[in-house]
Amino acid sequence: MSDFTFDEGKRFPENCADFLESVKDIDPDMAEILKANWDTLLAVVREGERDTKARTTFNEAIAAALDDLLTQETDEEGE
Amino acid sequence: MPRYFLKRLKIEGFRGVNNQGNPLDISFKSDAVNSVFVVNGIGKSSIFESLCYVIHGTIPKLDDLKAHERPQDYYCNRFHSGNKALIEIELEPDDGGAVVSIKVERDGSGTRTISSPSGHSDPESFLDTLNEAFALLDYRTFSRFIEESPLERGRTFSALLGLSKYSDCRQTLQVVSDTRTTNTDLEMKVLATQIAGTQRSTQQSLAALRTNFEKVTGKPLEDVDKLDQYAADVSQALGKVELLNEHFDGKDLDDIDFDAIKEAIKTAEGGEKRKELETAVADISALEALGTHDATAIGQEQEKIKKLITERDALLAATRGDLFEKLYSAAQDVMESDAWSDDAQCPLCESKLQKSISTHIRHQLTQYADTAAKAKELGELWEGTAWRQCLSDHELAKLLGIEPKDRILARLDTQMKSGEVSEAEAAATIARTSALSKLVPDLLEKLQEKKKKLEAELPSSLVQLTEQVEYGRQFKDALAGYKRGQSEESKQQAKLDIRERWKTFISKASSRFATAEAALSKVKINGIDAEYKSMYKDIMQVGDVVPDLQRADDKEDLNVELSDFHGQRKLSARALLSESYRNALAISVFLAAAMKHSGAPRFVVLDDVTSSFDAGHQFYLMELIRIKLQHPQNADGLQFIILSHDGLLEKYFDTNGGSTNWHHNKLQGSPPMGDILHQAQGADRLKARVTTLLSAGQISEAEPIVRQYLEYKLQQIIRKVNIPVPLDFAIKDTSKMVKNCLDAIKEALDLHQRANTLVLDAQQVQDVLNTHVPTIVANWVSHYATGGSSSFSAPVLNGVINSIDALSDCFRYDDTSASPTVRRWYRSLSQR
């Protein structure tokens with residue numbers, strides 16, 4: 001279990017960058033996908049309001065990224 | 001990054017401020033507490049709302065209006081002929097940089113335009129940086145903070161601490177790690193169904209492999225991991241036949257051309273019967289394949305589908321049809337919008353309700369959603385059933401001879417997928433499947449008899465050869481099907497697995513973010529803990545009632561407790577604190593958070609926040625701000641701008657107004673039609689305006705400004721020469737303010753005359769009492785205060801203005817000690 005904490009002296013984007021770095025220990029490939037789609041993710045809840053369309057857009061992007069990763073892994077195994 | 005003080009505010013044509021062509025103009029000091037006193041109905045709220053509109057783009061009070069009340073029509077002043085609002089703010093950076101001015105305009109159609117007269121390159125983004133929760137605070141903000149739910153309070157508090165983005169992000173991660181939505185969005189159920197279908201197809205291929213392997217080699221197929229070995233065995237077995245030797249010699253099963261072999265047999269022995277035998281063998285295999293469908297499993301599936309249809313019908317019965325679903329959806333949209341805020345009133349007929357309409361709508365829509373979910377479950381189940389596969393195989397089997405027009409599968413698929421299939425249709429399909437299955441044994445029996453007959457008629461070597469070749473071909477096809485299925489299943493399983501991997505990851509990531517966010521929030525709370533407790537004590541002057549904010553570990557909830565209540569511990573603040581104590585707590589928390597904040601605004605505007613306080617607590621709050629919180633008294637302090645209509649508080653403002661660390665402003669006017677003007681905005685401007693209007697014959701427009709001018713000049717005399725006024729002076733009938741001032745001046749002169757201490761010379765006293773005051777009373781007070789203003793004329797009003805100027809001058813003298821001589825105000829009625 002990571003003891004990740006936000007740094008009070010840092011701004012939100014910097015703390016987010018640290019968070020994305022920290023989650024690499026959970027699964028580096030998935031962390032990379034999350035990082036690549038972080039901006040899309042942040043649109044899901046803004047000022048406390050949930051946006052269903054933004055959620056489906058984010059998950060569509062994740063599904064595509066997962067399939068790409070799978071293809072990439074299959075190709076690497078094939079080589 | 002610099003932070004910004006609010007330096008100036010100009011308003012025209014917005015809400016209660018008309019000021020056409022003559023904007024209300026208020027300047028604020030960055031090194032003093034700024035107070036703005038305005039009596040009721042003169043535009044204090046409009047000032048606060050103008051700042052809300054500039055920074056937030058909206059006004060909370062108008063947001064609360066219903067759509068049919070047309071809130072958009074109430075931004076612009078309704079008497080401004082241009083139907084256009086203009087608000088301009090100037091902000092002074094605390095690093096000594098250039099002042100930034102931002103102009104926000106709104107036209108009658110609601111279009112908001114932002115520009116920067118000072119030339120800021122991105123004024124809109126600049127305004128965004130000012131959008132911090134602590135910058136604009138009113139009584140409503142504080143009262144809601146204590147009353148709202150712990151979760152709402154926690155989120156408000158996050159915004160206050162500058163953590164709203166963390167709160168949003170935490171919620172976002174919770175949303176995208178929710179199992180139900182992720183399963184739907186990533187189509188995980190669809191993938192699982194596909195895998196089940198592929199597995200069934202692979203098992204059928206495996207069954208065919210076993211059967212045909214045994215028929216070709218006479219041995220059982222025992223180990224599925226040795227299929228390539230078994231394929232070689234089949235090739236080897238068939239290759240031993242002399243006639244076929246050349247077709248099998250040294251070749252893999254995949255490379256063997258069974259059509260060429262059949263042609264070779266045909267060429268070698270010829271004859272229709274051999275061909276018939278070959279067809280019979282293939283047909284028997286096909287019919288046997290139809291028989292491999294698992295009747296027990298299919299029966300269970302049929303029962304499950306029937307049960308789902310019954311459940312769906314029960315749910316459907318509780319709903320009220322498509323039309324009502326549209327009605328409920330529209331009603332939900334209305335309730336979730338800002339158009340309707342009363343949850344106990346029907347938005348359709350506007351009648352009062354006994355229970356929450358939102359709860360009712362949610363309940364109704366949940367029933368529709370449950371029905372839809374059941375229908376979807378039905379469709380998904382059908383898609384992957386062995387029953388569907390069985391029906392498909394039977395309807396498409398050439399031997400059963402089902403004409404395309406008689407096939408029911410395509411129509412049934414549509415009904416099942418939409419979840420609309422009826423109980424009767426399901427029953428008919430069960431009967432149809434059963435009837436088709438029953439055709440197979442008879443046909444199989446007939447074909448086997450035919451095969452036997454052909455075998456008897458043909459040479460045994462040829463019979464066996466034909467059969468062996470056909471079984472070999474079927475083994476080859478089944479092997480290809482099996483391998484294709486395995487490959488397909490492997491791909492589908494990999495897609496499912498990687499989605500599961502994502503779910504595990506995002507769930508852990510979400511949990512990690514939430515833990516870190518809670519910890520940061522706690523750090524921030526701890527950071528203001530001592531401050532808000534100290535401020536609370538300063539305002540309420542109590543030491544044995546100590547509030548305590550507690551952030552939940554696993555949720556965003558923020559609970560407000562009393563860690564000490566006259567010696568008792570850990571009690572509910574909401575239950576025990578009176579309104580003034582609650583507000584003091586909220587004010588303490590907000591101000592403590594504001595003091596710690598490092599956002600762009602370095603100002604706090606407080607609108608009527610002392611409404612629930614008595615004079616004592618008002619005093620303690622003001623002293624707290626003046627002594628401990630205001631910049632530069634506190635080097636890290638903020639600029640405070642306090643708006644109030646409270647007469648008692650104004651006494652405090654007046655007392656401090658002359659000092660270097662307090663800047664007091666007083667507004668007067670006659671909104672919403674006339675102008676609101678700042679005292680310091682200049683009597684000269686008022687006078688010039690009156691003169692212009694009277695010259696143009698616009699007497700009714702000039703009247704309110706004459707009144708403003710009179711009030712301004714009379715109060716100026718009172719203030720400059722320290723004339724005492726009665727305790728209730730500020731709260732007397734404001735329409736009689738001119739008379740109140742004249743009475744106060746006359747009484748003070750009389751008092752000093754009797755005491756023989758009057759400093760004014762005899763002519764000045766004579767002019768005041770016998771000329772100017774009677775003129776003003778006769779020509780203004782006796783008409784205006786009694787509503788008889790229709791008798792005013794331009795020359796009379798010009799005379800009133802001249803009289804007030806002359807009256808004012810009677811309280812000044814020529815100071816000859818200065819060179820050149822200066823006309824000064826008497827210090828008091830008894831002192832130069």
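Biologist: In which sense do β9(B) and strand β10 of chain B pair, and over how many bridges?

Modeller: This model is predicted, so keep that in mind as we go. β9(B) and β10 (residues 571-572) pair in the antiparallel sense, over two bridges. In β10(B), B:Ser572 is the bridge partner of B:Glu561. The two strands form a hairpin with five residues between them. In its turn, B:His566 has a positive phi of about 50 degrees.

Biologist: Now the open sheet. What is the order of its six strands?

Modeller: Read across chain B: β7-β11-β12-β3-β13-β14, with mixed pairing. From one strand to the next, the twist averages 20 degrees. Take one pair inside the sheet. β3 (residues 33-38) and β12 (residues 639-644) of chain B run parallel over four bridges. There, B:Val36 stands opposite B:Leu643.

Biologist: Which helix packs on the sheet?

Modeller: Helix α25 (residues 699-720) of chain B does, touching β13 (662-669) and β14. Its direction makes about 145 degrees with that of β13(B).

Biologist: How do I read the buried side of a helix?

Modeller: Start with the geometry. An α-helix has 3.6 residues a turn, so residues three or four places apart point the same way. Now look at α1 (residues 12-22) of chain A. A:Phe12, A:Asn15, A:Cys16, A:Phe19, A:Leu20 and A:Ser22 are buried there. They lie on the same side of α1(A) because their arc around the axis is only 155 degrees.

Biologist: Which residues have the most contacts inside the largest nonpolar core?

Modeller: The core has 95 residues, and A:Phe19 and B:Leu621 are among those with the most contacts inside it. Others include A:Leu34 and B:Trp502. Helix α19 (residues 460-540) of chain B gives the most, with 16 residues. Beyond its neighbours within four places in sequence, B:Leu621 is in contact with residues including B:Ile539, B:Ile587 and B:Phe613. A second, separate core has 47 residues, including B:Leu693 and B:Val781.

Biologist: Is B:Cys52 buried or exposed?

Modeller: B:Cys52 counts as buried because its relative accessibility is 3%, and the cut-off is under 20%. B:Cys390 is buried as well, with a relative accessible area of 3%.

Biologist: How many disulfides does a search of the whole structure find?

Modeller: Zero, over all chains.

Notes: Residues numbered from 1 in each chain as written. Chains lettered and ligands numbered in written order. Predicted model: local features only at pLDDT ≥ 70, side-chain atom pairs only at ≥ 80, totals over all residues. Heavy atoms only, no water. Disulfide = S-S within 2.5 Å. Buried < 20%, exposed > 50% of the residue type's maximum accessible area, 1.4 Å probe, protein only. Arc of directions from axis to C-beta. Core = buried A, V, L, I, M, F, W, Y, C linked by side-chain atoms within 4.5 Å. Contact = heavy atoms within 4.5 Å. Pairing = 2+ DSSP bridges. Axes fitted to C-alpha atoms, helices over the stretch in contact; angles between N-to-C directions.
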